[in-house]
Amino acid sequence: MSSPENEPGPVGDLPAVAPQLRALRRRAALTLEAAARSAGLSPAHLSRLETGQRQPSLPMLLALARVYGTTVAELLGETVPDRDAVVRAPDMEPTRAGGWTYWQAGAPGRGMQALRVQVPYGTQGDIVRVHPGEEWLYVLNGRLRLRLGDATHLLAPGDSAHYDSLTPHRLAAVDHGGTELLFVHTLLQSPNPTLCLGPTPGETP
């Protein structure tokens, strides 16, 4: 089983995130060890991300956004003029990380983050996750293999899933062309490290 640290290295079109990562971790009152454990990373790997020696993939950004109670956009240092109920298509700029592509589909400062995500075929991002909160996804194109606990579900376009993310879960594109999703997840608002779970069995810390 793949782990976040085994994913591809720096991605050229991903903005530098090191300054934001350290500042947001400190704002959440988390030690390097607690933050890394909650995101399924080793402290050494998170330290490399914070010092700019490595660039995170999209699964890493999603995990860290949950831990810090923020959005991927804030992790990337993106600025949004004002929070609005409507997000226009021209404002949804694509960002790529580790083979994944995503578009912000919701405003910042909310208790949920909404994304449109292109999941690549293969094992990139095929990582088991366990964390507090909920996730909802809707398959737009392609087929998705969703692993929830001991059950595996094959989702086709038009299918959706809504689940407690304390259930170990994993996403993988079935078709070589990848899978396109609408994806909504709740952000972890509490900095309490007791809410943070370490890597699930089979992941390499």
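This is a predicted model: local features need pLDDT of at least 70, side-chain atom pairs count only at pLDDT 80 or more; totals for chains, interfaces and linings use all residues.
To find the residue, look at the loop between β6 (151-155) and β7 (160-164). Setting aside neighbours within four places in sequence, Gly-158 is in contact with Tyr-138 and Val-139. There's also Asn-141, 17 residues away along the chain from Gly-158, with 8.3 Å between the two C-alpha atoms.

Now for the salt bridges. Searching the whole structure turns up five of them. Start with Arg-25 and Glu-50, whose side chains meet at 2.6 Å, N to O. This pair links distant parts of the chain, with Arg-25 in helix α1 (residues 18-27) and Glu-50 in helix α3 (residues 43-50), 25 residues apart. Both Arg-25 and Glu-50 are buried.

Next, follow Glu-135 to Arg-66, where the side chains form a salt bridge at 2.4 Å, N to O. Glu-135 sits in strand β4 (residues 134-141) and Arg-66 in helix α4 (residues 58-68), so this pair ties together parts of the chain 69 residues apart in sequence. Here again, Glu-135 and Arg-66 are both buried.

Then there's Arg-116 with Glu-180, a salt bridge whose closest N and O atoms are 2.5 Å apart. Arg-116 belongs to strand β3 and Glu-180 to strand β9 (residues 179-186), and 64 residues separate the two. What about their burial? Glu-180 counts as buried because its relative accessibility is 13%, and the cut-off for buried is under 20%. Arg-116, on the other hand, is partly exposed, with a relative accessible area of 25%.

Strand β3 also leads us to a pocket. With three residues, β3 (residues 112-119) gives the most to the lining of the second largest pocket. That pocket holds about 150 Å³ of space. Eleven residues line it, and those closest to its centre are Gly-106, Ala-107, Arg-110, Met-112 and Ala-114. What kinds of residues make up the lining of the second largest pocket? Seven are nonpolar, two are polar and two are charged.

Note on methods:
Residues are numbered from 1 along each chain as its sequence is written. Side-chain values use heavy atoms; hydrogens and water are left out. Helices (H or I, at least four residues) and strands (E, at least two) are DSSP runs, numbered from the N terminus. Contact means heavy atoms within 4.5 Å. On a 1 Å grid over the protein atoms alone, a cavity is a set of points where a 1.4 Å probe fits but cannot get out, and a pocket is an open set with protein on both sides within 12 Å along at least five of seven lines; lining residues have an atom within 4 Å of a point. Grid points are joined across faces, edges and corners, and a volume is the space filled by probe spheres set on the points. Ala, Val, Leu, Ile, Met, Phe, Trp, Tyr, Cys and Pro count as nonpolar, Asp, Glu, Lys and Arg as charged, and the others, Gly among them, as polar. A salt bridge is a side-chain nitrogen of Lys or Arg within 4 Å of a carboxyl oxygen of Asp or Glu. Buried means under 20% relative accessible area, exposed over 50%, partly exposed in between (1.4 Å probe, protein chains only).
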